[in-house]
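Please keep the sequence and the model in view while reading.

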Amino acid sequence: MYEAGNIIYFNPFYFNTGTSKSKYFLVLKNMGNTTIIASLPSSIAHLPIAYAGRYGCINEPLSGISCYILQQGKVVTENGFSFPKETYLHGHWLSEHDLVTLSEAYQVEGVDYEIIGKLVDAEFNAIIACFKSSKVVKNKFRRVL
């Protein structure tokens, strides 16, 4: 389930802040039996208007921007899934997640979560390359990616 490249949909996803909402979850790296590094994609553009209509990697360290943009309707998984809206993966939102905690919170597939599919290699590799080359992404994440 927590294999690198998998997109998982949690309904709802429980944030560390105590809030929750339905959320996509992209596994970027599985660190063994304890931790994973993931991105929580957003459909809200937290970017200046100058970047509207651009897709792929945007790294602007002087502006504090590190983002990978997935085009609405473009197939991104091996099973043909595409995001219903333009989707943003922000480098400063990469996070670590404890596998034990995730396993306890999300136990039943089809109820707590749904495995959407695995990203096609070209898209996954482009996302990893984008975040590895970003000065905005935390050093600890860049090293392991």
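An open sheet of five strands, in the order β7-β3-β2-β1-β8 and with antiparallel pairing, is the place to begin; helices (H or I, at least four residues) and strands (E, at least two) are here DSSP runs, numbered from the N terminus, and two strands pair if DSSP finds at least two bridges between them. The edges of this sheet are taken by β7 (95–98) and β8 (113–118), each of which has a single partner strand, so one side of each is left without a neighbour in the sheet. On average, neighbouring strands of the sheet are turned by 40 degrees against each other, direction ignored, where axes are lines fitted to C-alpha atoms, for helices over the stretch in contact, and angles run from 0 to 180 degrees between N-to-C directions.

The model is predicted, and local features therefore need pLDDT of at least 70, while side-chain atom pairs count only at pLDDT 80 or more and totals for chains, interfaces and linings use all residues. Residues are numbered from 1 along each chain as its sequence is written, and side-chain values use heavy atoms, with hydrogens and water left out.

Strand β1 (residues 6–14) includes asparagine 6, which is buried, with a relative accessible area of 8%; buried means under 20% relative accessible area, exposed over 50%, and partly exposed in between (1.4 Å probe, protein chains only). Leaving aside its neighbours within four places in sequence, asparagine 6 is in contact with Met1, Phe25, Leu26, Val27, Gly117 and Lys118, contact meaning heavy atoms within 4.5 Å.

Threonine 19 lies in the loop between β1 and β2 and is partly exposed, with a relative accessible area of 45%. Not counting residues up to four places away in sequence, threonine 19 touches Phe13 and Tyr14. Its C-alpha atom is separated by 18 Å from that of isoleucine 44, a residue 25 residues apart from threonine 19 along the chain.

A further open sheet is formed by three strands in the order β4-β5-β6, again with antiparallel pairing. Here β4 and β6 (87–90) stand at the edges, each with a single partner strand, so one side of each is left without a neighbour in the sheet. β4 and strand β5 (residues 65–70) run antiparallel and are joined by five bridges; glutamate 60 stands opposite isoleucine 65 in β5, and glycine 56 has isoleucine 69 of β5 as its bridge partner. The hairpin of β4 and β5 has four residues between the strands, and in it glycine 64 takes a positive phi near 75 degrees. Across β4, β5 and β6 lies α2, which runs at about 170 degrees to β5.

What joins cysteine 57 to cysteine 130? The link is a disulfide, with an S to S distance of 2.2 Å, a disulfide being a pair of cysteine sulfur atoms within 2.5 Å; by this rule the count comes to one. The pair links distant parts of the chain, 73 residues apart, with cysteine 57 in strand β4 (residues 56–60) and cysteine 130 in helix α2 (residues 121–132). Cysteine 57 counts as partly exposed at 34% relative accessibility, whereas cysteine 130 counts as buried at 1%. Cysteine 67 is in no disulfide, the nearest cysteine sulfur being that of cysteine 130, 7.6 Å away.

Turning to the spaces within the model, one cavity of 30 Å³ or more is counted. On a 1 Å grid over the protein atoms alone, a cavity is a set of points where a 1.4 Å probe fits but cannot get out, and a pocket is an open set with protein on both sides within 12 Å along at least five of seven lines, while lining residues have an atom within 4 Å of a point. The largest cavity holds about 40 Å³ of space and is lined by Ile7, Leu26, Pro41, Leu70, Phe83, Leu89, Leu119 and Ile127. The largest pocket has a volume of about 720 Å³, a volume being the space filled by probe spheres set on the points, with grid points joined across faces, edges and corners. Its lining has 30 residues, of which Phe13, Phe15, Lys23, Tyr24 and Leu40 lie nearest its centre, and β1, β2, β7 and α1 (99–105) each supply at least two residues of this lining.
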